[in-house]
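Thank you for making time for this.

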Amino acid sequence: MLEDLFKMVTTRFNGDEKNEIKEFKCPRCQNGCGADELQKNMWVCPECGYHSRMNARDRIAITCDKGTFREYDKDMQTANPIDFPGYEEKIETMQEKTGLTEAVVTGECTIHGEPCIIGVMDSHFMMASMGSVVGEKITRAFERAAEKKLPLILFTASGGARMQEGLVSLMQMAKTSGAAARLSEAGVLYITVLTDPTTGGVTASFASLGDIIIAEPKVLVGFAGRRVIEGTIKQRLPEDFQSAEFLLENGFVDFICERKSIRRTIAHLIRLHRPPVKDNGAALADSSPADKSPAENKSKTSKEKTVSKENDENMGSNGNASNAGNANNASSANSAGKSDKSEGIFGAHKNKPGKGAGKNG
Ligand SMILES: [Zn+2]
């Protein structure tokens, strides 16, 4: 199954691959390996397990079920709202270099048979800084997830707000956060996967608002840079400050997950959070309908009827799909070997003080 995935990566994105390096030298352990070997290992250093940065297309290829990804808003174009000198040229250069129109790719897919909406930020495009198009695409992903009642999975990476768009880029923080709140009110699952590096305005908005926050091992996640903070507070910061592990210890992320297990973990989480259904396929009512006035109950019921109708349709395909997913699961568990197993689906799950409280506040 994995071989198929990798074949798809190279055949689907040949155009992107041409400019890629032939040799990879690990920035952590300094060991070298061929680009092919690195790709086979999901862009993780075979020697030390360093999770190198991936482009959005490759990430989609290793995460989504083959051939299921349908992209949203592909042709949305970046404007130059504050007439920043040379911005248009910079965007054009980045588009040629990466084959992307902007720093995030969003769309719909299935993961191990589970339908969902996915967004992947690409640090190769202006360090995935958040301008108006990135903010708009992310916001639309939230809105579509709420409308279609599909879980939203965002792989974040960013240098922060895009300074070439000034205030317009900062506004994206409020816009995306508002959209995240509405998705939460709609009761739809939202998972963020923090990848290297997730910083600045993206950390300070939608990246930190996931119902479940996953991080890849040892990735950099923070708001301001280390030197800025040390200069401000006149103190030395711990060595592992702003690493995924440090954030886990301090309750900022829920668990750390190796890249090879992320696809399976996401599918598992989606299944766990699927709305409960009765045998006849109708969605279960709220546990405490007595708390509400009859009028509220009535409107809720009619609303639920439409939801359950949708669920009926979904469940037909869902049922089959999750069977297929389970089959995939079994085979991938076999091929991935015991390291997956020992790590468990929740990886290094530690105590996380105050997470739940923070979420509601
Ligand atoms: Zn290495």
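I will begin with the whole chain, then turn to the sheet, the core, a pair of helices and a few single residues.

Please keep in mind that this is a predicted model, in which local features need pLDDT of at least 70 and side-chain atom pairs count only at pLDDT 80 or more, while totals for chains, interfaces and linings use all residues. Residues are numbered from 1 along each chain as its sequence is written.

The protein chain has 14 helices and nine strands, where helices (H or I, at least four residues) and strands (E, at least two) are DSSP runs numbered from the N terminus. Buried residues make up 35% of the 361 residues; a residue is buried if 20 or more other C-beta atoms lie within 10 Å of its own, exposed if 12 or fewer, and partly exposed in between, with the C-beta atoms placed from the backbone. Two residues are in contact if their C-beta atoms, again placed from the backbone, lie within 7 Å, and among the contacts with a separation of 6 or more, 71% are accounted for by residues 24 or more positions apart.

Now to the sheet. In what order do the seven strands of the open sheet stand? The order is β3-β4-β5-β6-β7-β8-β9, and the pairing is mixed, two strands being paired if DSSP finds at least two bridges between them. At the edges stand β3 and β9, each with a single partner strand, so one side of each has no neighbour in the sheet.

Strand β4, residues 104-111, runs antiparallel to β5 and is joined to it by eight bridges, with Thr 106 opposite Gly 119 of β5. These two strands form a hairpin with two residues between them, and His 112 in the turn has a positive phi of about 50°. On to the next pair: β5, residues 114-121, and β6 pair in the parallel sense over four bridges, and here Ile 118 stands opposite Ile 153, while Val 120 stands opposite Phe 155. Strand β6 also pairs with β7, residues 190-198, in the parallel sense over six bridges, and in β7 the bridge partner of Thr 156 is Leu 194.

Is β6 largely enclosed or largely in the open? Seven of the seven residues of β6, residues 152-158, are buried, so this strand is largely enclosed by the rest of the structure. Leu 152, Leu 154, Thr 156 and Ser 158 point one way, and Ile 153, Phe 155 and Ala 157 point the other way. Strand β5 is likewise largely enclosed, because seven of its eight residues are buried. Helix α9, residues 226-233, lies largely in the open, because the number of buried residues among its eight is zero.

In soluble globular proteins, nonpolar side chains tend to be buried together. A nonpolar core is a set of buried Ala, Val, Leu, Ile, Met, Phe, Trp, Tyr and Cys residues joined through C-beta atoms within 7 Å. The largest one here has 62 residues, of which Leu 152, Leu 194 and Val 253 touch the most other members; helix α6 gives the most to this core, with seven residues. Leaving aside neighbours within four places in sequence, Leu 152 is in contact with residues including Cys 116, Phe 142, Leu 183 and Tyr 190.

Helix α6, residues 132-148, and helix α7, residues 166-185, have axes that come within 9 Å and cross at roughly 5°. That makes the two helices roughly parallel, a term for angles under 35 degrees. Among the residues that make the contact are Ile 138 and Phe 142 of α6, and Ala 179 and Leu 183 of α7.

Lastly, some single residues. Asp 73 sits in the loop between β3 and α5 and counts as partly exposed, because 17 C-beta neighbours lie inside 10 Å. Leaving aside neighbours within four places in sequence, Asp 73 is in contact with Thr 106, Lys 137 and Arg 140; Arg 140 is 67 residues away along the chain, and the two C-alpha atoms are separated by 8.9 Å. In the loop between β5 and α6 we find Met 127, whose phi is positive, near 50°. Finally, a cis peptide bond joins Asp 196 and Pro 197, with omega about -20°, and Pro 197 is found in strand β7.

Conventions. Axes are lines fitted to C-alpha atoms, for helices over the stretch in contact, and angles run from 0 to 180 degrees between N-to-C directions. Angles under 35 degrees count as roughly parallel, over 145 as roughly antiparallel, 65 to 115 as roughly perpendicular and the rest as oblique.
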